[in-house]
Amino acid sequence: MGEEITAIKADRIDTVTSGLIENGVIVIRGGKISAIGTDVKIPSTANIIDARDKTIFPGLVNPCSVVGLSGSPGGEPASNPHYRVADELYPFQDAYRRILQAGFTTLALTPGGNGIAGQGAIVRPIGQTPEGMLITESGLLMIRFEANEKAKKVITDAFESAKKDSASTDPKVKPLVRALQGEIPTLVRCGWPGAALHLLPLLKPYEKMKWVLVAGPENYRIAEKLAKSKIPVIIPAQIDFEQFTRNRINVPKILAEAGVKIACVPIMDNAEGHEDFLRQMAELVKYGLDKETAKKSMTIHPAQMLALDYRLGSLEVGKDANLLILSADPFEVGTKIHQVMLEGKIVYQGP
Amino acid sequence: MKSTILTVSVVLVVLAVGSLSAQDNPAARKLAIKAGKIVTMTPGAEFATGKNVINDGVILVSGGKIEAIGPASSITIPQGYSLIDASDRWATPGIVEAHTHVGTEGGFNDMVTPINPELRIDDCVNPEDVGIKAAVTGGVTTIHTMPGSGTNLAGFTVIIKLDTSCPEKMILREIGAMKIAQAYNPEREGGDLGRTRMGMSWSLRQMLKQAKAYAKAWQEYEQGQRKEKPEYKPELENMRKAFSGEIPTIVHTYEGWGVMQTMRMFNDENQLKVIATHTEGGGYMVGKEAAKRDGVSINVGPFLWEPFFWNAEQDNRFHCVAAEFYKAGVKNLSINTDSVGFGEQEELAFNAAMSARLGLDDQVALKAITINPARAIAIADRVGSLEVGKDADIVIKKGSLLDPTTPVDLVLINGKIVYQRKGSALVVKQAAERSREKG
Amino acid sequence: MHKHRTNFQFSICNFLAVLLLCCSASAAADEKMTAIKGGDLYTITSGIIKNGTILIKDGKISGIGQNIDVPKNAEVIDAKGKVVMPGLVAATTWLQGLRSSREISKIADSLDPFDFEVSLALASGVTTAFVTATSSPYRRVQSSGENPIGGTNAVIKMTYGDLDNMLVKEPVAENVSISNQQWLRKTNFLLSLRKAKDYLQKLAEYQKAKDKDKKLEEPKKPAELDPYIRLLGRQLPARVQAATADDILAALEIVDEFGIRIILEGGIEAWIVAQEIARRDVPLVITPRDKQEPRKDISGPSGSTMENAAILKKAGVRFAIVPQGPYFGIGGMAGRDLMVLPMEAAFAVSGGLDEQTALEAITLTAAEILGVADRVGSLQVGKDADIIILDGHPFHYRSFVELTLINGKMLYDKKQSTYFSHITHDN
């Protein structure tokens, strides 16, 4: 038995999916959670982490980010399904270090470009090599949508031709086929609710596809429509202003209460934004977002949207030991991240 | 036979010449106007009590002034008076514009230094300006035309009447007001010193301090309280008029803090009569402060409601600037067009109508384009209301000035018809004709 | 529900069942009706019906009159003392935000029903509008270089939040930018029209002769001539800007030579050549308050006049009216944009135009010019229930829209909206 065994003893273990365990223990073997509960036997060879006055929380998952990438080329909508973010990863960026220390153990990096932008990579924000960062190389298909004839045509043309060519190994076709068959999720960035109204009917015929909408805050206007479509939504953790007023609206709250499955991302997609994320979420909770929904929207929901919930997003037996050791409840003012554990290893030791 | 024809023609010629010369000589110009409704805009008289409105009234005009005004039953139209029968129309005072740039030539922003007390725009009045002719068709009879807002102290304005038949007599007052600008525009490129508002305020205060001392010294000297004759500084002479109370100061200013600063600097610190003009961007938030100060008047426009992206209250509502000031208690309220060129000045009444639409009381809106601007620019002894002794600047129109569905039919300035709309079907019965009818 | 009976009764019961199902089905489909009662109905086509009632069913006007029966379960809107009119039609707009993206080849693919201009339009009573792919004709002109024709346009309804019912028709005209000043563009326009005419002539000859002579080749259609062929076929009118009398006459010459349909935009000096315009039955979109100085280099009449509309009417010319700013402004200028469209028509009245024609210019005639008069522009049975209820005559400067319905659905209520609910004119 060469594998490393760690046991964490903590006052509060927030599993997110199965509630709060008080005075519990997590046992980690080979980077995965092997046991979790109140009367768990700690193996004799285990390294013990004494987190008695601390809170354990799953590592945060950001399902759509461009941090550390070369930037969006903009331009006319085009179909570039063969483009891969995995080919441009550079692990030694300060931004990744900061994001990891801010509590994020999983990051879905997405390509820029309008139309079918390409394949995103799902990474751990740490690694000695680009490959070392990768959790999945081609974990998702990214589309950026604007409401115009050309953009619509790019999408329908691409998927209709991929439908007819499902055995293709062509790197320009295969990712589309995988997306069509629901093997990988397809994220569609669509900022405005008006554009989303153009988008939703476009997506309807492709029922097998695992659509995820990356939406701007204004989309609260179509909360009901989004709920009805059953498409999950990635939304900035933002309390927005109603247009031309100082009336503040808690957009994630409105969406969640309408029945939309939400994942929250930092308001600004940069290192500062990630460092500020828990405070942004705490503010959403303070102004009415259901606490449990808030927790899920930064852990299990994004994991589900990335089709990686079998290994990420909550503290459950069998899942990766990605977790945060916090000084208190994540939404309390002044809560500090003491340690970040990634696949069983402490990768960050805070103050 | 020949001699009779000769006599008759001579007599006719004499009569014709006689009547012509009688018309040209303002002292002899005698005119009576019968109007279905006369709205006098008398200060202090309110519409509700009927004191401002005369139904079936008559105005007598003589020598360019209003000689008599009252119900038709109380005024007999004397012989020798021409008659305009406007019994199916209203008569109102000529409209007064307190903030415009129409009527001058050669530019109105001299932007080398930020403070220019020696400049005066009366040197550049252009009676041929097409904007003037158009303005009269909208019932505008007196305008306060100004240098622009590119500098903090642009110079001095001019007040002109829009009777271009006699250009030399157009100027009502050569030095109208002191023109100041305190926000946004002067931050463009108005000289080197004082590009920030701090710097601007300092520059203005220095100038005011200097001018105030100068004015005081001369006043004391002229009143015998001071023996030594003060140094004569021509560039400060016009500012003396502001400090003596002879002319007001008009200040282009925006936003709540801006209007407050204007009132503080000019009214509170320097006891100057000040017109705060524009005032959008939340100026009405200090309306109560403006209402408290008798020396402050508010001139709203050309933006009549608070832009959504600049609204102090940010509540997705159309806030009528004039109505908000009025609600806060400001009585010295007028409306402008801030016109340039062609096509805007004649719509001053429509601007008032739009303010009325958005919540300003109708009578206040009408006063805001007649007696109130006249008072603000200190010409109310001459124009702004139909009262005995004032200039006969009269507008005849079917219905209210605020009604966009009827055109202005006739405009008199100083008792002279300067505009008569083709198709107005208003007949001017000459005195001779009238006496022939009677006799 | 009827159960199956035995065979010999089957057919009868089937019939009865079907009959009953039909009745109950139609009763179920009998969407709740709406009735607007008690107002003065400005029908536009049949005068004013005082104290009238409008019935609305399935988004259309199903009844209109003074004494018509209102179904018991109908939703009633009390319009007592109010003016009831068809929703206003803006024959030209520069609406910027209705498009959700930069490059527009088809407006239908880019409409944004959540744009704030849509809610401002509802508050102003404008329910139908003409939009182009670029925001203003000037930008259209700049961007097209030497090409005189191009870009799409559409008629839309202000259905806030509802994309499906927003588009009425696309395109409704060919955008053309030519004038005597832009001679290169005009030259290209005429050249292309002639080329297209030649081609169509050759094509017609070919069609006639091809059965006899099998060796004949079909004439090849020259590239980029489709819009011109459409114009020659009179499928769509060309929207041409022409302000001066000479530009207008030049445009009329094109009508004479090629027989195309045109709509003239601008028409400041149209009053000078009103008879010429009338002879070709060319409609105009005008702005009564547009001002132009009389030109010193012209010996005849020139410049603008407030009597433009009245003179045109007298000559028999049809026109729609739009304001100087054909958009919904949030910048603070009052009275010069679509927020008060009726005011522009009111100014035409001050220039001598009769009230009825002035009202038509912002409703029915505008709809006719846009080619959508079968659906909107008047209160008539069968037309869309696009209705506005005002608290006074539309040409009174204080009148506000209180309710706006599109396709029978209430989309604006002044009391519920923040825009004007604080303005009550109680003074």
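Between domain 1 of chain A and domain 2 of chain A there are 3 salt bridges, where a salt bridge means a side-chain nitrogen of Lys or Arg within 4 Å of a carboxyl oxygen of Asp or Glu. A:E343 and A:R124 form a salt bridge, with the closest N and O atoms 2.8 Å apart. Domain 1 takes in 5-59 + 313-349 of chain A and domain 2 takes in 60-305, with bounds from an automatic or database domain assignment.

Some ground rules before going on. This is a predicted model, in which local features need pLDDT of at least 70 and side-chain atom pairs count only at pLDDT 80 or more, while totals for chains, interfaces and linings use all residues. Side-chain values use heavy atoms, with hydrogens and water left out, residues are numbered from 1 along each chain as its sequence is written, and chains are lettered from A and ligands numbered from 1 in the order in which they are written.

Back to the two domains of chain A. Their C-alpha centres lie 28 Å apart. Across the boundary, 21 residues of domain 1 are in contact with 23 residues of domain 2, contact being heavy atoms within 4.5 Å. Together the domains bury about 1800 Å², 72% of it on carbon and sulfur atoms; buried area is the accessible area (1.4 Å probe) that two parts lose on being put together, summed over both. There are also 3 residue pairs in polar contact between the domains, both residues at pLDDT 80 or more. A polar contact is a pair of N or O atoms within 3.5 Å; within protein, one must be able to donate a hydrogen and the other to accept it, and residues adjacent in sequence count only if both atoms are side-chain atoms.

On the domain 1 side, the elements of chain A giving two or more residues are β4 (47-58), β17 (337-342) and β18 (345-349). The largest share, 4 residues, comes from β17(A). Strands are DSSP runs (E, at least two residues), as are helices (H or I, at least four), numbered from the N terminus.

Now for the chain-chain interface. Here 4 residues of chain A are in contact with 6 residues of chain B. The area buried between the chains is about 440 Å², of which carbon and sulfur atoms give 52%. A:F244, A:T245 and A:R246 supply 96% of what chain A buries against chain B, more than any other three residues. Chain A and chain B share 0 salt bridges, but 3 residue pairs are in polar contact, both at pLDDT 80 or more.

Over all chains, the structure holds 66 salt bridges. Three of them go in the table, with relative accessibility classed as buried (under 20%), exposed (over 50%) or partly exposed in between (1.4 Å probe, protein chains only).

| Pair | N to O distance | Relative accessible area |
|---|---|---|
| A:R97 and A:D94 | 2.8 Å | A:R97 40%, A:D94 44% |
| B:R120 and B:D122 | 2.9 Å | B:R120 29%, B:D122 10% |
| B:E222 and B:R240 | 3.1 Å | B:E222 53%, B:R240 16% |

B:E222 sits in helix α3 (residues 197-222) of chain B and B:R240 in helix α4 (residues 237-243), so this pair ties together parts 18 residues apart in sequence. A:K32, A:R124, A:R311, A:D320 and A:E343 are joined into one network by salt bridges that share partners. As for A:R97 and A:D94, they are 3 residues apart in helix α1 (residues 94-101) of chain A, so about one helical turn separates them.
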